[in-house]
Amino acid sequence: MRHLCPYCGNPCLSSLQKAALSSLNSKDCNHSGKPVSTPQALLVAQLVVLVVCLVAAKALAPGPIAILAAGVPVAALLLFIQLKYVPLVKSGYSPDDE
Ligand SMILES: [Zn+2]
């Protein structure tokens, strides 16, 4: 699965490359050479969901097993959502640029 560049519309990143992206880093498109990233809101949402799940797991069943049992599936789900549903954006993008 290739992910489309927000600049030129060509497939520019593999899923592995996209999985390694966040709003804190970027990767250059193979075609246009421009930096692409994922939306900043995604990173915030991922962190909030992960922290809430880990805190809930710790409250329900303290211990490293509970943290792993909750954290690993949640992290996998968040990664799946990022790969499947979140489009790439122009790096450093903000609505004010429009
Ligand atoms: Zn491009």
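User: What makes the confidence of the protein chain known, and where is it lowest and highest?

Analyst: This is a predicted model, and pLDDT is the predictor's confidence in each residue, from 0 to 100. The protein chain averages a pLDDT of 89, and 93% of the residues score at least 70. Confidence is lowest in helix α3 (residues 64-85), with a mean of 90, and highest in β4, at 95.

User: Why is α2 called roughly antiparallel to α3?

Analyst: The axes of helix α2 (residues 40-60) and α3 cross at roughly 160°. Angles over 145 degrees count as roughly antiparallel, so α2 is roughly antiparallel to α3. The two axes come within 9 Å, and the crossing is right-handed.

User: Which residues of α2 and α3 meet, and how do they divide into nonpolar, polar and charged?

Analyst: In α2 the residues include L42, V49, L50 and L54; in α3 they include I67, A70, V74 and L78. The residues of this contact divide into 14 nonpolar, three polar and one charged.

User: How do you know that β1 and β2 pair?

Analyst: Pairing requires at least two bridges between two strands. Strand β1 (residues 2-4) and strand β2 (residues 11-14) have three bridges, in the antiparallel sense, so they count as paired. The bridge partner of R2 is S14 in β2. The two strands form a hairpin with six residues between them, and G9 in the turn has a positive phi of about 80°.

User: What makes β3 and β5 edge strands?

Analyst: The open sheet has the order β3-β4-β5, with antiparallel pairing. β3 (27-28) and β5 (89-90) each have a single partner strand, so one side of each is left without a neighbour in the sheet. Two bridges join β3 to β4 (residues 35-37), and K27 stands opposite V36 in β4.

Definitions and conventions
Residues are numbered from 1 along each chain as its sequence is written. This is a predicted model: local features need pLDDT of at least 70, side-chain atom pairs count only at pLDDT 80 or more; totals for chains, interfaces and linings use all residues. Helices (H or I, at least four residues) and strands (E, at least two) are DSSP runs, numbered from the N terminus. Axes are lines fitted to C-alpha atoms, for helices over the stretch in contact, and angles run from 0 to 180 degrees between N-to-C directions. Angles under 35 degrees count as roughly parallel, over 145 as roughly antiparallel, 65 to 115 as roughly perpendicular and the rest as oblique. A crossing is left-handed if the near helix is turned anticlockwise from the far one by less than a right angle, and right-handed if clockwise. Two residues are in contact if their C-beta atoms, placed from the backbone, lie within 7 Å. Ala, Val, Leu, Ile, Met, Phe, Trp, Tyr, Cys and Pro count as nonpolar, Asp, Glu, Lys and Arg as charged, and the others, Gly among them, as polar.
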